[in-house]
Amino acid sequence: MKWFTALVFVFASTVVYADGVKLSGPTQPQWKSECSGCHIAYPPQLLTAGNWQQLMGGLDKHFGANATMAPNDSKAIQDFLQRNAGSGDKHSASSLRISDTTWFKREHREVSNKTWANPAVKNRSNCTACHVNAERGDWSEDGVRLPGR
Amino acid sequence: MSAKKLCCALLLLAGMNQVFAGDTPDSLVAGYVAEASATTPGFTVSGQRGKSFFLKEWGVSDKMPTCNACHGKNLKIEGKHVVTDKIIKPMDPSVNPERFSSSTKVEKWFKRNCKEVAGRECTPAEKADFIQFITHGG
């Protein structure tokens with residue numbers, strides 16, 4: 001019974017919520033390896049299924065880069081994204097940029113323009129500039145380290 | 001599990017890394033040379049040409065004007081993605097043995113990066129020259 005209780009606490013501690021949205025969550029091998037080649041693999045919950053479908057259908061024009069991959073990898077990643085996508089307007093962006101969603105703007109409403117302009121941050125897609133342990137699934141507010149401090 | 005069984009399992013796993021990532025820089029160069037020779041008989045690989053190719057300013061992409069915009073000019077140290085700031089591990093296999101050990105990976109990145117920087121796929125000759133430059137100088 002003690003082991004079970006300990007396990008429950010360990011599991012609970014790995015789950016992080018932000019505005020009701022669970023961030024540290026499911027992973028999938030191809031998603032992890034293909035989507036973290038140039039940036040952190042953004043949690044699937046942060047865009048809608050429709051957004052992800054559009055994004056995955058245009059990987060040759062991926063925000064100025066070419067992110068094309070083998071069809072079987074693309075299919076596996078698409079399935080994973082569809083199963084775990086966010087829903088509702090708050091997670092939707094016609095630009096397909098997570099930083100344009102109302103959810104993102106709300107979560108980051110206290111971040112100053114000065115911080116966004118800091119060369120160590122560079123742009124809103126650079127999560128790990130402040131969310132220093134995000135690659136390990138830690139998106140907690142406690143884990144944020146603003147650059148220059 | 002006994003120590004002996006554990007040792008055997010670990011040795012097997014270590015060996016498997018070679019089996020699955022079966023390519024080497026030289027075997028990849030040889031493969032590209034063979035492809036290039038099919039269209040250009042008598043083709044010989046050149047690290048010097050590979051160096052010029054790597055440093056060339058292609059004039060296609062504002063954000064990614066050259067290969068070294070992300071990889072840096074010194075391939076024995078880390079590079080940084082010019083847009084996302086993501087750290088890119090060194091390209092030189094003498095420093096990072098993972099490099100040029102898988103033809104699937106190499107082909108994938110050539111396809112992406114050549115299209116971004118050069119605006120087209122790289123030819124087998126260019127791929128041979130580039131890997132030759134990294135591993136044997138130019």
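Me: Does A:Leu81 count as buried or exposed, going by its C-beta neighbours inside 10 Å?

Reply: First, a word on the source: this is a predicted model, where local features need pLDDT of at least 70, side-chain atom pairs count only at pLDDT 80 or more, and totals for chains, interfaces and linings use all residues. Residues are numbered from 1 along each chain as its sequence is written, while chains are lettered from A and ligands numbered from 1 in the order in which they are written. A residue is buried if 20 or more other C-beta atoms (placed from the backbone) lie within 10 Å of its own, exposed if 12 or fewer, and partly exposed in between. A:Leu81 has 23 C-beta neighbours inside 10 Å, so A:Leu81 counts as buried.

Me: How are H3(A) and H4(A) oriented towards each other?

Reply: Axes are lines fitted to C-alpha atoms, for helices over the stretch in contact, and angles run from 0 to 180 degrees between N-to-C directions. The axes of H3 (residues 49-56) and H4 (residues 71-84) of chain A come within 9 Å and cross at roughly 165°. Angles under 35 degrees count as roughly parallel, 65 to 115 as roughly perpendicular, over 145 as roughly antiparallel and the rest as oblique. The angle therefore makes H3(A), relative to H4(A), roughly antiparallel.

Me: Which residues of H4(A) make the contact with H3(A)?

Reply: By class, this contact has 5 nonpolar, 3 polar and no charged residues; nonpolar covers Ala, Val, Leu, Ile, Met, Phe, Trp, Tyr, Cys and Pro, charged covers Asp, Glu, Lys and Arg, and the others, Gly among them, are polar. H3(A) brings A:Ala49, A:Trp52 and A:Met56. From H4(A) come A:Ser74, A:Ile77, A:Gln78, A:Leu81 and A:Gln82.

Me: Is the crossing of H2(B) and H6(B) left-handed or right-handed?

Reply: These helices pack at about 155° with axes 8 Å apart, and H2(B) and H6(B) are therefore roughly antiparallel. A crossing is left-handed if the near helix is turned anticlockwise from the far one by less than a right angle, and right-handed if clockwise. The crossing of H2(B) and H6(B) is left-handed.

Me: At about what angle do H3(B) and H6(B) pack?

Reply: H3(B) and H6(B) are roughly perpendicular to each other. Their contact divides into 4 nonpolar, 4 polar and 4 charged residues. The axes are 7 Å apart, and the packing angle is about 100°.

Me: How many residues on the side of chain B that touches chain A are charged?

Reply: Here 11 residues of chain B are in contact with 11 residues of chain A. On the chain B side, 1 is nonpolar and 2 are polar, while the charged residues number 8.

Me: Near what value is phi of A:Phe63?

Reply: A:Phe63 lies in the loop between H3 and H4 of chain A. With 16 other C-beta atoms within 10 Å, A:Phe63 is partly exposed. Its phi is positive, in a residue other than glycine, and lies near 55°.

Terms used
Helix = DSSP H or I, 4+ residues; strand = E, 2+ residues; numbered from the N terminus. Contact = placed C-beta atoms within 7 Å.
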